[in-house]
Amino acid sequence: MNENNQVKRTLTADELQRVYAMTNESEYNDASVNARRDPTTRRIVSSFDGADDQLNVAFTTESVFSKVETVLNNSPTYIDQEFVTISVPGSNNVTHQPVSEYYKWRFPLEYENFRRGLGARIAGTPLSVWSHLSPSQMKHMELQGIHTVEQIANLSDNAGPAFAGFYALKAKAQQFLDAARDSTKASQLQDELAKRDAELDLLKDQMSRLMGMLDAQATEKKSKSASKGADQ
């Protein structure tokens, strides 16, 4: 584009949202950013733009003043509009934006639950199942927007000053998650072994029944042969 023909005015956030929605809506797909999602939470866990699995996300409906409706109705008019609030655990980084197709694609499960009237669900291991935290620490975590053990384990070093014993806390959280993961793997292995044993027992039972049938047939055949020989 010719430099002299460029618009000098900076677009507002709302205008950027509308422009992006009109021009790039077809690009809202996982393949375009090489995204990989968690099969349970449907959160993006890796992509060209990073990961979303540790973010706090909430969709809401808010009343906003509408200039267009106000002009049409010749009186102050408010309309309902959907918003999304995204916060980074352990920081003051908060995004509050009108919902666009981009956010529906980015957080499909949260938006689906919102539309169904369900509350936001926590993606991860709730802090309530981790006995390491004291009541005061639990309250501090809540104030910092931290709700899961995974969020503690993945806290940025920049969040360190807000927590006493920051690195020890992160290490213990990771140890807890590793132990839980190992326990899950051990449980899955036990289930697989139990399933294999059940299948072997079933196969043995089927073989036993088959051998019994064959023995019965052989005995019946011998009996008929003996009876035929006696008649002769």
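## Basis of the description

The structure is a predicted model, in which local features need pLDDT of at least 70 and side-chain atom pairs count only at pLDDT 80 or more, whereas totals for chains, interfaces and linings use all residues. Residues are numbered from 1 along each chain as its sequence is written, and side-chain values use heavy atoms, with hydrogens and water left out.

## Overall architecture

The protein chain contains seven helices and five strands. Helices (H or I, at least four residues) and strands (E, at least two) are DSSP runs, numbered from the N terminus. Read from the N terminus on, the order of elements is α-β-β-β-α-β-β-α-α-α-α-α.

The protein chain has 232 residues, of which 27% count as buried; buried means under 20% relative accessible area, exposed over 50%, and partly exposed in between (1.4 Å probe, protein chains only). Among the contacts in the protein chain with a separation of 6 or more, 44% are between residues 24 or more positions apart. Contact here means heavy atoms within 4.5 Å.

## Salt bridges

A salt bridge is a side-chain nitrogen of Lys or Arg within 4 Å of a carboxyl oxygen of Asp or Glu. By this rule there are seven salt bridges. One of them joins Asp-52 and Arg-106, with an N to O distance of 2.9 Å. Asp-52 lies in the loop between β2 (44-46) and β3 (56-65) and Arg-106 in helix α3 (residues 101-106), so this pair ties together parts that are 54 residues apart in sequence. Both Asp-52 and Arg-106 are buried.

Another salt bridge pairs Arg-115 with Glu-82, whose closest N and O atoms are 2.5 Å apart. This pair links distant parts of the chain, with Arg-115 in helix α4 (residues 108-115) and Glu-82 in strand β4 (residues 78-87), 33 residues apart. Arg-115 counts as exposed, at 56% relative accessibility, whereas Glu-82 counts as buried, at 18%.

## The surroundings of Trp-105

Trp-105 is found in helix α3 and is buried, with a relative accessible area of 17%. Leaving aside its neighbours within four places in sequence, Trp-105 is in contact with Tyr-28, Asn-29, Asp-30, Val-33, Arg-37 and Ile-44. Tyr-28 is 77 residues away from Trp-105 in sequence, yet the C-alpha atoms of the two are 6.5 Å apart in space.

The side chains of Trp-105 and Asp-30 are joined by a polar contact of 3.0 Å. Such a contact is a pair of N or O atoms within 3.5 Å; within protein, one must be able to donate a hydrogen and the other to accept it, and residues adjacent in sequence count only if both atoms are side-chain atoms. Asp-30 also forms a salt bridge with Arg-37, the closest N and O atoms being 2.9 Å apart. Asp-30 is partly exposed, with a relative accessible area of 26%.

## The second largest pocket

The second largest pocket holds about 380 Å³ of space. On a 1 Å grid over the protein atoms alone, a cavity is a set of points where a 1.4 Å probe fits but cannot get out, and a pocket is an open set with protein on both sides within 12 Å along at least five of seven lines; lining residues have an atom within 4 Å of a point. Grid points are joined across faces, edges and corners, and a volume is the space filled by probe spheres set on the points.

The lining of the second largest pocket has 18 residues, of which Asp-38, Asp-53, Gln-54, Gly-124 and Glu-150 lie nearest its centre. The elements giving two or more residues to this lining are β1 (36-37) and α7 (166-231), and α7 gives the most, with four residues.

## Helix α4 and positive phi angles

In α4 the buried residues are Pro-108, Glu-110, Tyr-111, Asn-113 and Phe-114, and their cover includes β1, β3, β4 and α3. Gly-117 follows α4 and has a positive phi, near 85°.

Arg-42 is found in the loop between β1 and β2 and counts as partly exposed, at 32% relative accessibility. Asn-74 is found in the loop between α2 (67-73) and β4 and is exposed, with a relative accessible area of 71%.
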